[in-house]
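Dear colleague,

Please find below the structure for your review.

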Amino acid sequence: MVAAVKNPNVTPAFSRRRALGLLSLATAAAGLGRAPRAGAANDPSAPSPAATPGRNPGWYRFTVGNLRLTVLNDGHYAFQPVQPFWAPEGSPEEVKATLERNFLPSDRLKVSFNALLVDNGKEVLLCDSGCGKLLAPTTGRLRASLAEAGYAPDDVTAVFLSHAHVDHFGGLLAAEGTPVFANAKHLVSQPELEFWMGPHPDLSKANLDDATRASFVTGAQRMFSTLGKRFEPIPEGASLIDGVTTVAAPGHTPGHRMVQVGSGPDRLLHTVDLAHNQALMFEHPDWTMAADTDPGLARETRLAVLNAAATERTRLLGYHLPFPALGHVRKREEGFEWVPEPWGEGV
(Lines give C-alpha, C1' and ligand atoms only; values in the text may rest on other atoms or scores of the structure.)
Protein backbone atom coordinates (compact mmCIF):
# COMPACT_ATOMS: atom_id res chain seq x y z
CA MET A 1 0.00 0.00 0.00
CA VAL A 2 2.85 2.44 0.78
CA ALA A 3 4.22 3.59 -2.53
CA ALA A 4 5.42 6.52 -4.59
CA VAL A 5 2.80 8.47 -6.54
CA LYS A 6 2.88 10.93 -9.38
CA ASN A 7 4.16 13.80 -7.27
CA PRO A 8 7.77 14.57 -6.30
CA ASN A 9 6.71 15.84 -2.87
CA VAL A 10 5.37 12.49 -1.71
CA THR A 11 7.60 10.32 0.45
CA PRO A 12 8.88 7.57 -1.91
CA ALA A 13 8.40 3.87 -1.34
CA PHE A 14 10.92 2.14 0.88
CA SER A 15 13.96 1.10 -1.10
CA ARG A 16 14.70 -2.53 -1.78
CA ARG A 17 17.85 -2.24 0.33
CA ARG A 18 15.88 -0.97 3.31
CA ALA A 19 13.23 -3.66 2.88
CA LEU A 20 15.90 -6.35 2.84
CA GLY A 21 17.48 -4.83 5.92
CA LEU A 22 14.19 -5.05 7.75
CA LEU A 23 14.01 -8.75 6.95
CA SER A 24 16.80 -9.38 9.44
CA LEU A 25 14.34 -8.50 12.19
CA ALA A 26 12.25 -11.51 11.21
CA THR A 27 14.76 -13.77 12.96
CA ALA A 28 13.77 -12.29 16.29
CA ALA A 29 10.09 -12.61 15.45
CA ALA A 30 10.57 -16.25 14.53
CA GLY A 31 11.81 -16.93 18.06
CA LEU A 32 8.58 -15.97 19.76
CA GLY A 33 7.80 -19.64 20.34
CA ARG A 34 4.47 -21.40 20.64
CA ALA A 35 1.98 -19.72 22.98
CA PRO A 36 -0.49 -22.09 24.66
CA ARG A 37 -4.09 -21.74 23.55
CA ALA A 38 -5.27 -22.04 27.17
CA GLY A 39 -2.42 -20.07 28.75
CA ALA A 40 -2.58 -16.95 30.89
CA ALA A 41 -2.65 -14.65 27.85
CA ASN A 42 -5.83 -16.42 26.75
CA ASP A 43 -7.40 -16.32 30.22
CA PRO A 44 -10.32 -13.85 30.38
CA SER A 45 -9.43 -13.00 33.98
CA ALA A 46 -5.80 -12.22 33.21
CA PRO A 47 -4.83 -8.57 32.67
CA SER A 48 -3.84 -7.47 29.20
CA PRO A 49 -0.10 -7.05 28.60
CA ALA A 50 1.16 -3.57 29.42
CA ALA A 51 1.60 -1.37 26.38
CA THR A 52 5.12 -0.55 25.30
CA PRO A 53 5.54 3.24 25.20
CA GLY A 54 5.07 4.56 21.70
CA ARG A 55 2.77 1.86 20.36
CA ASN A 56 -0.76 0.58 20.76
CA PRO A 57 -1.50 -2.50 22.83
CA GLY A 58 -1.06 -5.54 20.65
CA TRP A 59 -4.45 -7.24 20.92
CA TYR A 60 -8.07 -6.66 21.84
CA ARG A 61 -10.59 -9.46 22.48
CA PHE A 62 -14.38 -9.36 22.13
CA THR A 63 -17.23 -11.66 21.17
CA VAL A 64 -19.82 -12.03 18.45
CA GLY A 65 -22.35 -14.47 19.86
CA ASN A 66 -20.45 -17.66 20.67
CA LEU A 67 -17.45 -16.67 18.56
CA ARG A 68 -14.28 -15.36 20.15
CA LEU A 69 -12.64 -12.58 18.15
CA THR A 70 -9.29 -10.85 18.61
CA VAL A 71 -8.01 -7.75 16.85
CA LEU A 72 -4.26 -8.08 16.32
CA ASN A 73 -2.37 -4.83 15.82
CA ASP A 74 0.49 -4.99 13.32
CA GLY A 75 1.62 -1.40 13.92
CA HIS A 76 1.08 1.87 12.09
CA TYR A 77 2.52 4.07 9.36
CA ALA A 78 2.41 7.85 8.95
CA PHE A 79 2.06 9.19 5.40
CA GLN A 80 3.64 12.60 4.98
CA PRO A 81 2.48 14.70 3.24
CA VAL A 82 -1.17 13.69 3.02
CA GLN A 83 -1.78 14.51 -0.63
CA PRO A 84 -1.79 13.38 -3.37
CA PHE A 85 -1.68 9.79 -2.08
CA TRP A 86 -4.83 10.49 -0.08
CA ALA A 87 -7.94 12.39 -1.14
CA PRO A 88 -6.74 13.68 -4.53
CA GLU A 89 -10.32 14.87 -5.19
CA GLY A 90 -10.19 17.36 -2.31
CA SER A 91 -8.48 20.73 -2.37
CA PRO A 92 -5.58 21.19 0.07
CA GLU A 93 -7.81 23.56 2.06
CA GLU A 94 -10.64 21.03 2.27
CA VAL A 95 -8.33 18.20 3.35
CA LYS A 96 -6.63 20.38 5.96
CA ALA A 97 -9.97 21.55 7.36
CA THR A 98 -11.35 17.99 7.51
CA LEU A 99 -8.35 16.69 9.44
CA GLU A 100 -8.26 19.63 11.85
CA ARG A 101 -12.01 19.40 12.44
CA ASN A 102 -11.38 15.83 13.60
CA PHE A 103 -8.49 16.88 15.87
CA LEU A 104 -5.90 15.26 13.61
CA PRO A 105 -2.63 16.76 12.34
CA SER A 106 -2.97 18.15 8.85
CA ASP A 107 0.60 17.49 7.69
CA ARG A 108 0.50 13.67 7.97
CA LEU A 109 -1.95 10.80 7.95
CA LYS A 110 -1.46 7.91 10.34
CA VAL A 111 -3.01 4.56 9.47
CA SER A 112 -3.14 1.44 11.62
CA PHE A 113 -2.91 -2.18 10.50
CA ASN A 114 -5.40 -4.44 12.29
CA ALA A 115 -5.82 -8.11 11.45
CA LEU A 116 -8.80 -10.09 12.74
CA LEU A 117 -8.62 -13.53 14.37
CA VAL A 118 -11.84 -15.57 14.72
CA ASP A 119 -11.96 -18.63 16.98
CA ASN A 120 -15.13 -20.74 16.80
CA GLY A 121 -13.82 -23.39 19.18
CA LYS A 122 -12.92 -25.80 16.39
CA GLU A 123 -11.16 -23.62 13.86
CA VAL A 124 -9.05 -20.48 14.05
CA LEU A 125 -9.25 -18.04 11.14
CA LEU A 126 -6.80 -15.19 10.55
CA CYS A 127 -8.06 -12.45 8.23
CA ASP A 128 -4.94 -10.92 6.62
CA SER A 129 -1.40 -11.14 7.94
CA GLY A 130 -0.11 -7.59 8.32
CA CYS A 131 3.00 -6.14 6.70
CA GLY A 132 5.60 -8.59 7.93
CA LYS A 133 9.00 -6.91 7.69
CA LEU A 134 8.36 -5.46 4.25
CA LEU A 135 7.09 -1.98 5.04
CA ALA A 136 8.49 0.05 7.93
CA PRO A 137 10.01 -0.31 11.42
CA THR A 138 6.65 0.77 12.87
CA THR A 139 4.92 -2.28 11.36
CA GLY A 140 5.42 -6.04 11.51
CA ARG A 141 3.99 -6.54 15.02
CA LEU A 142 1.42 -9.22 14.19
CA ARG A 143 3.48 -12.25 15.24
CA ALA A 144 4.18 -10.65 18.61
CA SER A 145 0.55 -9.57 19.04
CA LEU A 146 -0.59 -13.11 18.21
CA ALA A 147 1.67 -14.54 20.91
CA GLU A 148 0.57 -11.96 23.47
CA ALA A 149 -3.04 -12.94 22.76
CA GLY A 150 -2.26 -16.58 23.55
CA TYR A 151 -1.95 -18.05 20.05
CA ALA A 152 0.89 -19.45 17.98
CA PRO A 153 1.08 -19.52 14.17
CA ASP A 154 0.50 -23.27 14.25
CA ASP A 155 -2.88 -22.70 15.97
CA VAL A 156 -4.22 -20.93 12.88
CA THR A 157 -6.19 -23.37 10.72
CA ALA A 158 -7.20 -20.94 7.95
CA VAL A 159 -5.83 -17.68 6.59
CA PHE A 160 -8.00 -15.43 4.44
CA LEU A 161 -6.32 -12.81 2.24
CA SER A 162 -8.82 -10.02 1.63
CA HIS A 163 -6.74 -8.64 -1.24
CA ALA A 164 -3.16 -8.84 -2.48
CA HIS A 165 -1.54 -5.65 -1.21
CA VAL A 166 1.70 -5.99 0.74
CA ASP A 167 0.28 -4.66 4.02
CA HIS A 168 -2.12 -7.62 3.97
CA PHE A 169 0.11 -10.44 2.68
CA GLY A 170 3.48 -9.31 4.07
CA GLY A 171 3.21 -11.52 7.15
CA LEU A 172 2.48 -14.77 5.29
CA LEU A 173 6.12 -15.66 4.63
CA ALA A 174 9.06 -15.83 7.04
CA ALA A 175 12.42 -14.30 6.13
CA GLU A 176 13.62 -17.60 4.69
CA GLY A 177 10.55 -17.80 2.42
CA THR A 178 8.70 -20.49 4.36
CA PRO A 179 5.00 -20.22 5.27
CA VAL A 180 4.43 -18.64 8.68
CA PHE A 181 1.06 -20.37 9.10
CA ALA A 182 2.17 -23.84 8.10
CA ASN A 183 -0.95 -25.66 9.37
CA ALA A 184 -3.42 -23.29 7.72
CA LYS A 185 -5.28 -23.49 4.44
CA HIS A 186 -4.87 -20.22 2.54
CA LEU A 187 -7.97 -18.65 0.99
CA VAL A 188 -8.44 -15.77 -1.45
CA SER A 189 -11.29 -14.72 -3.73
CA GLN A 190 -11.21 -16.15 -7.24
CA PRO A 191 -11.30 -12.70 -8.94
CA GLU A 192 -8.39 -11.46 -6.81
CA LEU A 193 -6.17 -14.41 -7.65
CA GLU A 194 -7.09 -14.26 -11.34
CA PHE A 195 -6.37 -10.52 -11.50
CA TRP A 196 -2.86 -10.62 -10.03
CA MET A 197 -1.81 -13.86 -11.68
CA GLY A 198 -3.23 -12.92 -15.06
CA PRO A 199 -0.97 -11.92 -17.96
CA HIS A 200 -1.57 -8.16 -17.66
CA PRO A 201 -2.92 -6.91 -14.29
CA ASP A 202 -4.39 -3.49 -15.12
CA LEU A 203 -3.36 -0.79 -12.61
CA SER A 204 -3.71 2.05 -15.11
CA LYS A 205 -6.36 3.82 -13.01
CA ALA A 206 -4.29 3.75 -9.80
CA ASN A 207 -2.57 7.07 -9.05
CA LEU A 208 0.86 5.43 -8.92
CA ASP A 209 3.96 5.77 -11.06
CA ASP A 210 4.89 2.98 -13.45
CA ALA A 211 7.64 1.58 -11.24
CA THR A 212 5.33 1.35 -8.24
CA ARG A 213 2.59 -0.30 -10.29
CA ALA A 214 5.13 -2.86 -11.42
CA SER A 215 6.26 -3.47 -7.83
CA PHE A 216 2.66 -4.11 -6.76
CA VAL A 217 2.30 -6.75 -9.46
CA THR A 218 5.71 -8.33 -8.85
CA GLY A 219 5.15 -8.52 -5.09
CA ALA A 220 1.73 -10.14 -5.38
CA GLN A 221 2.86 -12.61 -8.02
CA ARG A 222 5.95 -13.59 -6.05
CA MET A 223 3.86 -14.21 -2.94
CA PHE A 224 1.24 -16.29 -4.77
CA SER A 225 3.92 -18.24 -6.64
CA THR A 226 5.91 -18.95 -3.46
CA LEU A 227 2.89 -20.22 -1.56
CA GLY A 228 1.73 -22.09 -4.65
CA LYS A 229 -1.02 -24.61 -4.15
CA ARG A 230 -1.57 -23.55 -0.54
CA PHE A 231 -3.91 -20.87 -1.90
CA GLU A 232 -7.45 -22.00 -2.62
CA PRO A 233 -9.56 -19.61 -4.73
CA ILE A 234 -13.07 -19.23 -3.33
CA PRO A 235 -16.31 -17.85 -4.82
CA GLU A 236 -18.25 -14.82 -3.60
CA GLY A 237 -20.08 -15.41 -0.33
CA ALA A 238 -17.96 -18.44 0.51
CA SER A 239 -17.77 -19.76 4.05
CA LEU A 240 -14.29 -19.37 5.52
CA ILE A 241 -15.05 -21.24 8.75
CA ASP A 242 -18.35 -21.81 10.54
CA GLY A 243 -19.81 -18.37 11.27
CA VAL A 244 -17.67 -16.41 8.80
CA THR A 245 -18.40 -15.60 5.14
CA THR A 246 -17.06 -13.19 2.55
CA VAL A 247 -18.79 -10.13 1.05
CA ALA A 248 -17.75 -8.63 -2.30
CA ALA A 249 -16.44 -5.05 -2.09
CA PRO A 250 -14.65 -4.37 -5.40
CA GLY A 251 -12.83 -1.19 -6.35
CA HIS A 252 -9.84 -1.02 -4.05
CA THR A 253 -8.84 -4.18 -5.93
CA PRO A 254 -11.02 -6.27 -8.25
CA GLY A 255 -11.42 -9.12 -5.77
CA HIS A 256 -11.36 -7.13 -2.53
CA ARG A 257 -13.58 -8.89 0.00
CA MET A 258 -15.06 -7.88 3.34
CA VAL A 259 -15.72 -10.44 6.07
CA GLN A 260 -19.13 -11.08 7.67
CA VAL A 261 -19.04 -12.67 11.14
CA GLY A 262 -22.27 -13.97 12.67
CA SER A 263 -23.41 -16.06 15.60
CA GLY A 264 -27.08 -16.11 16.60
CA PRO A 265 -28.43 -12.56 16.29
CA ASP A 266 -24.98 -10.97 16.66
CA ARG A 267 -23.20 -9.65 13.57
CA LEU A 268 -19.96 -7.91 12.71
CA LEU A 269 -18.88 -6.64 9.29
CA HIS A 270 -15.12 -6.38 8.85
CA THR A 271 -14.86 -3.77 6.11
CA VAL A 272 -11.11 -4.27 5.59
CA ASP A 273 -9.98 -1.52 3.15
CA LEU A 274 -13.39 -0.04 2.39
CA ALA A 275 -12.39 3.18 4.21
CA HIS A 276 -8.82 3.84 5.34
CA ASN A 277 -9.29 6.89 7.55
CA GLN A 278 -11.99 7.87 10.04
CA ALA A 279 -12.04 11.51 8.92
CA LEU A 280 -11.30 11.71 5.22
CA MET A 281 -13.28 8.75 3.92
CA PHE A 282 -16.28 9.00 6.23
CA GLU A 283 -16.93 12.73 5.95
CA HIS A 284 -16.06 12.56 2.26
CA PRO A 285 -16.83 9.04 1.01
CA ASP A 286 -16.20 10.22 -2.55
CA TRP A 287 -12.51 10.79 -1.75
CA THR A 288 -10.20 7.96 -2.78
CA MET A 289 -6.55 6.94 -2.41
CA ALA A 290 -3.68 6.23 -4.77
CA ALA A 291 -3.66 2.43 -4.50
CA ASP A 292 -7.30 2.02 -5.56
CA THR A 293 -7.28 -0.15 -8.68
CA ASP A 294 -10.58 1.42 -9.78
CA PRO A 295 -11.22 4.65 -7.80
CA GLY A 296 -14.69 5.16 -9.24
CA LEU A 297 -15.85 1.67 -8.28
CA ALA A 298 -14.18 1.97 -4.86
CA ARG A 299 -16.19 5.16 -4.28
CA GLU A 300 -19.47 3.49 -5.29
CA THR A 301 -18.81 0.47 -3.08
CA ARG A 302 -17.94 2.65 -0.07
CA LEU A 303 -21.09 4.76 -0.42
CA ALA A 304 -23.33 1.69 -0.72
CA VAL A 305 -21.80 -0.14 2.25
CA LEU A 306 -21.70 2.90 4.55
CA ASN A 307 -25.31 3.79 3.71
CA ALA A 308 -26.47 0.28 4.51
CA ALA A 309 -24.36 0.04 7.68
CA ALA A 310 -25.67 3.37 8.98
CA THR A 311 -29.28 2.41 8.28
CA GLU A 312 -28.98 -1.05 9.82
CA ARG A 313 -26.75 0.10 12.73
CA THR A 314 -24.19 -2.54 11.77
CA ARG A 315 -21.21 -3.13 14.03
CA LEU A 316 -18.06 -2.55 11.98
CA LEU A 317 -14.35 -3.24 12.06
CA GLY A 318 -11.81 -1.53 9.80
CA TYR A 319 -8.32 -2.75 8.94
CA HIS A 320 -6.78 0.73 8.89
CA LEU A 321 -8.90 2.56 11.46
CA PRO A 322 -7.49 3.46 14.90
CA PHE A 323 -6.96 0.37 17.07
CA PRO A 324 -9.03 -1.55 18.07
CA ALA A 325 -10.96 -0.28 15.04
CA LEU A 326 -14.45 -1.28 16.24
CA GLY A 327 -17.44 1.01 15.93
CA HIS A 328 -20.47 2.15 13.96
CA VAL A 329 -21.13 4.62 11.18
CA ARG A 330 -23.68 7.44 11.47
CA LYS A 331 -25.15 9.50 8.66
CA ARG A 332 -24.48 13.24 8.65
CA GLU A 333 -26.17 15.93 6.62
CA GLU A 334 -23.29 15.37 4.21
CA GLY A 335 -21.25 12.20 4.38
CA PHE A 336 -20.87 10.02 7.46
CA GLU A 337 -19.31 9.96 10.90
CA TRP A 338 -17.25 7.16 12.46
CA VAL A 339 -18.41 6.39 16.02
CA PRO A 340 -15.76 4.33 17.87
CA GLU A 341 -17.00 1.62 20.20
CA PRO A 342 -15.93 2.16 23.85
CA TRP A 343 -13.35 -0.34 25.01
CA GLY A 344 -15.01 -3.28 26.73
CA GLU A 345 -13.77 -5.37 29.60
CA GLY A 346 -12.93 -8.33 27.42
CA VAL A 347 -14.31 -11.84 27.45
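**Helix H7 and its packing**

The buried residues of H7 pack against S5, H5, strand S6 (185-189), helix H6 (190-197) and strand S7 (231-234). Here, buried means under 20% relative accessible area and exposed means over 50%, with partly exposed in between (1.4 Å probe, protein chains only). Helices (H or I, at least four residues) and strands (E, at least two) are DSSP runs, numbered from the N terminus.

The model is a predicted one, in which local features need pLDDT of at least 70 and side-chain atom pairs count only at pLDDT 80 or more, while totals for chains, interfaces and linings use all residues. Residues are numbered from 1 along each chain as its sequence is written, and side-chain values use heavy atoms, with hydrogens and water left out.

The residues of H7 that are buried are Thr212, Arg213, Phe216, Val217, Ala220, Met223, Phe224 and Leu227. They lie on the same side of H7 because they cover an arc of only 145 degrees around the axis; the arc is that of the directions from the helix axis to the C-beta atoms. Asp210, Ala211 and Arg222, on the other side of H7, are exposed. The expected span is 1.5 Å times one less than the number of residues. At the start of H7, the backbone nitrogen of alanine 211 has a side-chain oxygen of aspartate 209 within 3.3 Å. After H7 comes glycine 228, with a positive phi near 55 degrees.

**Helix H9**

Helix H9 (residues 295-312) also has 18 residues. From its first C-alpha to its last, H9 reaches 26 Å, close to the 26 Å expected at 1.5 Å a residue. Its buried residues are Pro295, Ala298, Thr301, Arg302, Val305, Leu306, Ala309 and Ala310. Seen down the axis, these fall within an arc of 150 degrees, so they line one face of H9. Glu300, Thr311 and Glu312 are exposed on the other side of H9. The partners against which the buried residues of H9 pack include strand S10 (257-263), strand S11 (266-270) and helix H8 (280-283). Arginine 313 follows H9 and has a positive phi, near 55 degrees.

**Two buried positions**

Where is histidine 165 placed? Histidine 165 is in the loop between strand S5 (158-161) and helix H5 (166-169). It is buried, with a relative accessible area of 1%. Leaving aside neighbours within four places in sequence, histidine 165 is in contact (heavy atoms within 4.5 Å) with Trp196, Phe216, His252, Thr253 and Ala291.

Leucine 117 belongs to strand S3 (residues 109-119) and is buried, at a relative accessible area of 1%. Beyond four places in sequence, its contacts include Leu69, Val124, Leu146, Tyr151 and Val156. The C-alpha atoms of leucine 117 and serine 129 are 10.0 Å apart in space, and the two residues are 12 apart in sequence.

**Backbone geometry to note**

Most residues other than glycine have a negative phi, and most peptide bonds are trans. Aspartate 128, in the loop between strand S4 (124-127) and helix H4 (142-148), has a positive phi of about 75 degrees although it is not a glycine. Aspartate 128 is buried, with a relative accessible area of 1%. Valine 272, in the loop between S11 and H8, has a positive phi of about 55 degrees and counts as buried at 0% relative accessibility.

The peptide bond from glutamine 80 to proline 81 is cis, with omega near 0 degrees; proline 81 is in the loop between strand S2 (67-79) and helix H3 (92-101). Phenylalanine 323 and proline 324 are also joined by a cis peptide bond, with omega about 5 degrees.

**The protein as a whole**

The protein has 9 helices and 14 strands, and 52% of its 347 residues count as buried. The mean pLDDT (the predictor's confidence in each residue, from 0 to 100) is 86, and 83% of the residues reach 70 or more. Over residues 1-55, pLDDT stays under 50.

With kind regards

Key:
A polar contact is a pair of N or O atoms within 3.5 Å; within protein, one must be able to donate a hydrogen and the other to accept it, and residues adjacent in sequence count only if both atoms are side-chain atoms.
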